Amino acid sequence: MRVLIVITSHDKLGDTGERTGLWLEEFASPYYHFKDAGAHLTLASPRGGQPPIDPKSQEPEVQTEATRRFARDPVAQHELANTAQLAAMRVEDFDGLFYPGGHGPLWDLHTDPHSIALIEGFVAAGKPVAAVCHAPAVLLQAKAQNGEPLIKGKRVTGFSNTEETAVGLAEVVPYLLEDQLVAMGGKYQKTEDWKSLVVVDGLLITGQNPASSDAVAAALIKAIH
């Protein structure tokens, strides 16, 4: 089982002067879920190298068993610090594609041509694509083979408008993910704020928020097998 994890390279939170990037829990939890299942992992990002980590995701009150494990794991830290160039990744080398969130993907991966081509290629090849929290933004510009939006008519989830409002960033983000998923024809679903929700529709696997990370990873493993 070969899984490609694609991580944001974007580190600026709009015009606030604050930093953003990857939400650590959304990487660490699936990373260990995949590793413990025997997966071979490749980490990639648009710029390669060390992706930015949202500093808020490293604060003590949001740490989880997986993030604490990551903090003790120099091998995992080395892997994350040395991501490959996204442009060099090929569909045929992997069985599944996973995108962790954080606010970063709203800016860079949303429109990254290499990311979009990978997503379209995976789906065309019958391989599953998973994204959690803000990362379903990566699906917005992808097209199905008939030229329609990839998510048109598909059940999807992602970080909700109420959750974005709760973290005080509804006026900072370039767009509200829930609204855009609906605008592209997606059948958006959500549960209570901060509760786990995973939606599987064909080859697309989406999770609503950080609490959904582990379940998204489990669903991707199931889809690969």
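Asp201 is buried, at 15% relative accessibility. Buried here means under 20% relative accessible area, exposed means over 50%, and partly exposed lies in between (1.4 Å probe, protein chains only). Asp201 forms a salt bridge with Arg155, and their closest N and O atoms are 3.7 Å apart. A salt bridge is counted when a side-chain nitrogen of Lys or Arg lies within 4 Å of a carboxyl oxygen of Asp or Glu. Arg155 belongs to strand β6 (residues 155-156) and Asp201 to strand β8 (residues 198-201), so the bridge ties together parts that are 46 residues apart in sequence. Arg155 itself is partly exposed, with a relative accessible area of 33%. Helices (H or I, at least four residues) and strands (E, at least two) are DSSP runs, numbered from the N terminus.

The model is predicted: local features need pLDDT of at least 70, side-chain atom pairs count only at pLDDT 80 or more, and totals for chains, interfaces and linings use all residues. Residues are numbered from 1 along each chain as its sequence is written, and side-chain values use heavy atoms, with hydrogens and water left out.

The protein chain holds 7 helices and 9 strands. Its C-alpha atoms fill a box of roughly 45 × 40 × 30 Å along the principal axes. Of the 225 residues, 53% are buried. The chain exposes about 9,400 Å², and carbon and sulfur atoms supply 50% of that area. Accessible areas come from the Shrake-Rupley method with a 1.4 Å probe; for residues, only the protein chains shown count as cover.

Contacts were also counted along the chain. A contact means heavy atoms within 4.5 Å. Among contacts with a separation of 6 or more, 76% join residues 24 or more positions apart.

Charged side chains come next. The protein chain has 19 positive and 28 negative side chains. Lys and Arg count as positive and Asp and Glu as negative, while His and the chain ends are not counted. The centres of the two sets lie 5 Å apart. Each charge is placed at NZ of Lys, CZ of Arg, CG of Asp or CD of Glu. The salt bridges number 12.

One of these bridges links Glu178 and Lys190, at 3.8 Å from N to O. Glu178 sits in helix α6 (residues 177-183) and Lys190 in the loop between β7 (187-188) and β8, so this pair ties together parts 12 residues apart in sequence. Glu178 is buried, at 13% relative accessibility. Lys190 is partly exposed, at 43%. Elsewhere, salt bridges that share partners join Asp11, Lys12 and Arg19 into one network. Asp11 is buried at 18% relative accessibility, whereas Lys12 is partly exposed at 46%.

Trp23 lies in the loop between β1 (2-6) and α1 (24-36). It is buried, with a relative accessible area of 17%. Leaving out residues up to four places away in sequence, Trp23 touches Asp54, Lys56, Ser57, Val62, Gly101, Gly102 and Pro210. Gly102 is 79 residues from Trp23 along the chain, yet their C-alpha atoms are separated by 4.2 Å.

Thr42 is found in strand β2 (residues 40-45). Its relative accessible area is 19%, and Thr42 is therefore buried. With residues up to four places away again set aside, Thr42 touches Val3, Leu4, Ile5, Met89 and Phe94.

Two residues were examined for backbone angles. Most residues other than glycine have a negative phi. Cys133 is not a glycine, but its phi is positive, at about 65°. Cys133 lies in the loop between β5 (129-132) and β6. At 2% relative accessibility, Cys133 is buried. Trp194 also has a positive phi, near 75°. Trp194 is located in the loop between β7 and β8. At 42% relative accessibility, Trp194 is partly exposed.
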